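Me: I am new to this structure and would like to know what stands behind the words used for it. Please set each value against its definition.

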Number of protein chains: 2
Amino acid sequence: MSSLKPDSRIQVIDRAALLLDAISRYTNPVKLKILSADTGLHPSTTHRILHSLIDNSFVAQDSNGQYRPGKRLLGLSSHSQENNDVRAVALPYMERLRDRFSETINLTIREGDVVIYFEKANPKRMMHVQQIVGSRAPLHVAAVGKLILGSGGKAAIESYAQRTNLPAYTRNTFSSLPELTQECLTSVQQGFALDNEEAEIGVGCIGVLLYDRSGGVAAGLSLSAPIERRRNEWIEDVVKAGKEISAKLGYSA
Amino acid sequence: MSSLKPDSRIQVIDRAALLLDAISRYTNPVKLKILSADTGLHPSTTHRILHSLIDNSFVAQDSNGQYRPGKRLLGLSSHSQENNDVRAVALPYMERLRDRFSETINLTIREGDVVIYFEKANPKRMMHVQQIVGSRAPLHVAAVGKLILGSGGKAAIESYAQRTNLPAYTRNTFSSLPELTQECLTSVQQGFALDNEEAEIGVGCIGVLLYDRSGGVAAGLSLSAPIERRRNEWIEDVVKAGKEISAKLGYSA
DNA sequence: TACTTCATTTCATATTGTGAAACTGATTCG
DNA sequence: CGAATCAGTTTCACAATATGAAATGAAGTA
């Protein structure tokens, strides 16, 4: 017996992972029934696993008995050396960009079909875009995500499209697959990507990729601003910062 | 058969949790043998669970086959409503403190015997304390941690001391338990705590607790600065910010 | 080459997790 | 107000699942 997802050695762990994923997709606490439906697990099984996760603080239950992500998840995450290298190198550049434009600068990393924000520099300014560290966005609605998709080539984009069905987050920017393919590929070509209110209405981004000594993508760097404040002139600065960071990471183009 | 730690319904999940904890205690990749020893699990079992976690990206293996935290952990964590309330309310105050003193301001939350940094405001300044979101510190070496310990009363402090054995991180500040008890209790009494290079040499903190409408501890707020820059005059500002945030969270003292 | 040490695989075994069904306790509805 | 519905939880007999001892493989050391 098996599910639709790729599977591994220990069943319970795969199932626990499914459940954690399902829970963290919701911003608000979720009911058992829904989690059971989302994951395709028997309610009884869902309940048992969930409560085992609760005992380990991976999941928490609110006063109504609904489930939400637990505190333990926060603490476990990567201060892995790998990420810290990028982080340490990138931060000064991020802070410089932040100060120059007074906008939010983010570092992201890919994991599966999403990008995860793992470091940020917030400007001193009344209104600014607030990205939460640890939050996620699907590849096709994030500037950095488009670059990642594009650098995988046409096949990767199509496979992604098929897998995810390209859910629209705000306006339906990509009604057609060729459109997305086009945009991703040209983004890679020109060395940067834009996000025009695709992840969230009112927010525009400029994204570039960072490379390490192996030539692989180390992370993504992006600037997020209220769309009406974002200026095209900023692009070259972001691109330049990206190149400098990559160089410091040992990348030689 | 059972371990020394408190246990729950599903064995594998408890064991996986043990392993994740063990891994994330190390900054560098760790060998199987060590994880096996740390957790008391049979090497074979350790290997099996570890690889199941790898298949789910909770753990990653570097080129030498050593284990480190996986990317999946980053993305899962709490943008749970609960935390976001505190975050949203506290951020403006944090940014104000950051701007006034040009030092790093952190939000922390307790989980088990550690505090976890989950939001920050970094100043525009060449040198400043850099706390990584998601990183942890044991209660007894963090300003906020001492307040948390103190608010639990004498019994809680003693139980914590016995459980953890109060490992020294820098200088051996607390050679004796009464000393720690003393400091925690007076900290609570005066409404703030200090950390004098106890977590890291050269870094000094000022911490206060934030309370919500239920009267419980919602989070901790702290200022971290190079020890020689930190001024006692700042304390009242941090305390004041803490009170204002608590008030906005619905706390009525 | 022989000796250690650690990682991985195998495999017989019973322990462990499974899910159908029964139970509980809300909430809705006639 | 009682019947019906539905979500959550507990129980339990069963077999699939995870277990760990031992064997094998891979690497490093003397």
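**Terms and values**

Reply: S102(A) is partly exposed, with a relative accessible area of 25%; buried means under 20%, exposed over 50%, and partly exposed in between (1.4 Å probe, protein chains only). The model is predicted, so local features need pLDDT of at least 70 and side-chain atom pairs pLDDT 80 or more, while totals for chains, interfaces and linings use all residues. Residues are numbered from 1 along each chain as its sequence is written, chains are lettered from A and ligands numbered from 1 in the order in which they are written, and side-chain values use heavy atoms, without hydrogens and water.

Me: Where is S102(A) placed?

Reply: S102(A) sits in the loop between α5 (81-101) and β3 (104-111) of chain A. Helices (H or I, at least four residues) and strands (E, at least two) are DSSP runs, numbered from the N terminus. The phi of S102(A) is near 55°, which is positive although the residue is not glycine.

Me: Why is E197(B) called buried?

Reply: E197(B) has a relative accessible area of 15%, and the limit for buried is under 20%. E197(B) therefore counts as buried. This residue lies in the loop between β6 (193-196) and β7 (203-211) of chain B, and its phi is near 60°, a positive value in a residue other than glycine.

Me: What makes helix α6 of chain B mostly covered?

Reply: Eight of the nine residues in α6(B), residues 143-151, are buried. Among them are A143(B), K146(B), L149(B) and G150(B). After α6(B) comes G153(B), with a positive phi near 85°.

Me: How many aromatic pairs does the structure hold over all chains?

Reply: Over all chains there are four aromatic pairs. Rings of Phe, Tyr and Trp (its six-membered ring) pair if their centres lie within 6.5 Å; planes under 30 degrees apart count as stacked, over 60 as edge-to-face and the rest as tilted.

Me: Why is the pair of Y211(A) and Y251(A) called stacked?

Reply: The ring centres of Y211(A) and Y251(A) are 5.0 Å apart and the planes stand at 25°, so the pair is stacked. Y211(A) belongs to strand β7 (residues 203-211) of chain A and Y251(A) to the segment after α9 (234-248) of chain A, so the pair ties together parts 40 residues apart in sequence. Y211(A) is partly exposed at 23% relative accessible area, and Y251(A) is partly exposed at 29%.

Me: What makes F101(B) and W234(B) a stacked pair?

Reply: The distance is 4.7 Å centre to centre, with 25° between the planes, and the pair counts as stacked. F101(B) is in helix α5 (residues 81-101) of chain B and W234(B) in helix α9 (residues 234-248) of chain B, 133 residues apart. Both F101(B) and W234(B) are buried.

Me: How do you know that chain A agrees with a compact globule?

Reply: For 253 residues, a compact globule would have a radius of gyration near 18 Å, and chain A has 20 Å, which agrees. The radius is taken over C-alpha atoms, and the globule rule is 2.2 Å times the number of residues to the power 0.38. The C-alpha trace of chain A spans about 55 × 40 × 35 Å along its principal axes. Chain A has nine helices and eight strands, and 55% of its 253 residues are buried.
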